[in-house]
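Visitor: I would like to go through the disulfides here, with the reasoning behind each label. Could you take me through them?

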Amino acid sequence: MGGVMKKLFVLLSIVLLLGGAVSGAAVYNIPIDSREYLGAKVEYKRSFIFGPSFEIGLPEKGYGIVTASLLLPNGSLMELGIFSGQDKIRINYGQLTKAMKLWASHLKDAKLEPGAVSPSLLLVGTLRDENDNVRYFIKAVPINVKKVLDKRSIQVKLPRGSSKTLYNRARIEDKLKSIKPQKIKSKDIPATTENWPPNFDHDQCYWKCDPWTGSCYQVCLVWKLEQVLVSKSNTVIPLAAFQVTGDTNAINAVTITATYKQKTTQSLELVFSAAAAVERGGSASSMEAEIIGFSHTTNTRYLNIPESYVRIWGSRIASPSVIGAGIRGTVILAKYRLYWWDGLVYQKLDDVAYVILGKPDEGDMTLQGFVESGWPSQYGGVIRKTMWFVHEYWEPSTYEKGQGGLVKSDINFVSSTDTVPLFSASAVALGTLSYNNLEIAPFVMAIGVGFNTDSTQFSLIHLDLQLKEEYKNQYVDGTFYSSKVKFQYNGNEYSLAGMYGNIYIHSNGSLPPCDPRTGICPTSNNLGRQ
């Protein structure tokens with residue numbers, strides 16, 4: 001009888017265990033929070049028996065190899081490692097937790113909750129597709145600090161079809177012939193993690209055979225961080241910049257407003273977008289630029305914004321001047337390079353990728369105003385430098401005329417599938433580039449600042465220039481710029497919008513300034529441009 005009872009107890013225990021597992025699995029599969037960021041879906045789930053996991057669904061079917069890094073509060077990139085997998089990869093959760101603990105300490109000092117911020121997980125990857133082509137993808141996906149510290153399992157689904165062909169099969173076979181491996185120094189070996197190096201018993205990467213010995217081995221294409229070109233904290237990220245000329249004595253005041261102070265709903269996030277440019281074969285002529293996602297999000301409920309506007313009185317503005325507004329933050333510009341890699345030796349290739357990320361100073365989101373006398377110049381201050389780059393690399397997109405002043409709003413409520421948020425030129429990063437790298441300037445001058453909800457995205461800057469009462473009949477002209485480089489997103493191409501322009505206050509007998517792009521100066525006979 002005792003033996004029967006013992007067997008019954010064991011059987012009952014197994015049934016209860018399986019029932020709990022099934023119940024737990026059901027709970028595990030139900031997301032407790034789900035967000036979408038420029039097509040990338042992030043789901044947080046309750047962890048089950050085996051602890052939390054972090055899984056990335058690749059943008060295409062195939063074998064992918066991803067270099068993963070996380071943006072830290074001080075503007076550095078913490079490399080989490082190199083990860084690989086078929087159709088999906090798993091990120092080391094312990095490495096992610098280490099990075100998020102640094103964020104938690106930073107947010108505590110800023111008197112913010114860990115749930116307020118989602119820093120960027122930067123994924124730079126290659127993928128061997130089903131047709132043996134090698135594709136590449138670069139994505140920035142925000143991951144919430146508190147969710148990681150709460151040990152939530154995370155599942156990220158990158159947008160399908162968002163990778164691009166780097167080399168077709170024939171080109172890969174041609175490049176394999178030129179591989180001349182070099183011994184790598186131990187300190188240069190990337191962090192190794194689960195599933196890396198790949199299983200060489202399977203045809204996951206590309207086979208390289210020695211014609212003399214007949215021995216064969218697999219080599220993979222891997223992106224490695226080569227250099228952080230720029231990392232500046234506590235610097236200004238411009239949100240608006242204007243060249244002002246003409247009868248500036250007529251100006252009463254210019255008010256630049258950031259509308260995020262009023263946006264406090266739970267689902268609303270202030271977002272900093274990220275952009276990347278890839279030079280295939282090291283040639284700027286083959287450069288591809290794209291918006292890669294969000295480099296940082298902050299829940300607006302947690303923001304401490306004493307005021308959301310700046311007012312610049314006319315007495316501070318001479319002709320010419322550049323005025324503007326921005327917030328304190330961090331900018332990072334990183335350069336990645338493609339390598340052949342077999343786990344022991346490597347060969348450097350000419351393909352490089354530039355990635356620009358930005359984040360605000362979480363403890364102080366106050367909008368700050370700037371007035372810099374003189375014409376736009378790459379050797380000037382932040383605002384003059386920003387306007388110089390806009391003149392050099394963007395193009396006029398809209399014209400406005402007002403009597404007694406000029407009002408311009410860039411608040412556009414639009415579907416997330418039709419546009420992207422407001423983008424801001426980051427002259428802080430661009431100004432540090434050498435002359436030889438200026439050709440990448442129009443591709444990387446893009447740190448986006450806007451809002452994200454579950455359904456819409458919109459931008460946040462408003463300009464109001466008012467003349468003094470005695471000049472209420474005078475006219476003000478405004479020329480506003482957008483990027484001439486088209487950034488790809490969701491199957492379409494977009495110019496980056498922004499509140500950057502030239503403002504001219506008419507006066508008797510004066511003429512507008514010369515066109516900064518063409519050098520053509522207006523005369524009394526050719527003022528009919530509008």
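Visitor: How many disulfides does a search of the whole structure find?
Guide: The search finds 2 disulfides. This is a predicted model, in which local features need pLDDT of at least 70, side-chain atom pairs count only at pLDDT 80 or more, and totals for chains, interfaces and linings use all residues. Residues are numbered from 1 along each chain as its sequence is written, and side-chain values use heavy atoms, leaving out hydrogens and water.

Visitor: What makes cysteine 205 and cysteine 220 a disulfide?
Guide: A disulfide is a pair of cysteine sulfur atoms within 2.5 Å; here the S to S distance is 2.1 Å, so the pair qualifies.

Visitor: Why is the disulfide of cysteine 205 and cysteine 220 called right-handed?
Guide: Because the torsion about its S-S bond is about 95 degrees.

Visitor: Is cysteine 205 buried or exposed, and how do you know?
Guide: Buried means under 20% relative accessible area, exposed over 50%, and partly exposed in between (1.4 Å probe, protein chains only). Cysteine 205 has 3%, so it is buried. Cysteine 220, at 1%, is therefore buried too.

Visitor: Why do cysteine 514 and cysteine 521 count as a disulfide?
Guide: Their sulfur atoms are 1.8 Å apart, so they meet the cut-off. The torsion about this S-S bond is about 95 degrees, so this disulfide is right-handed.
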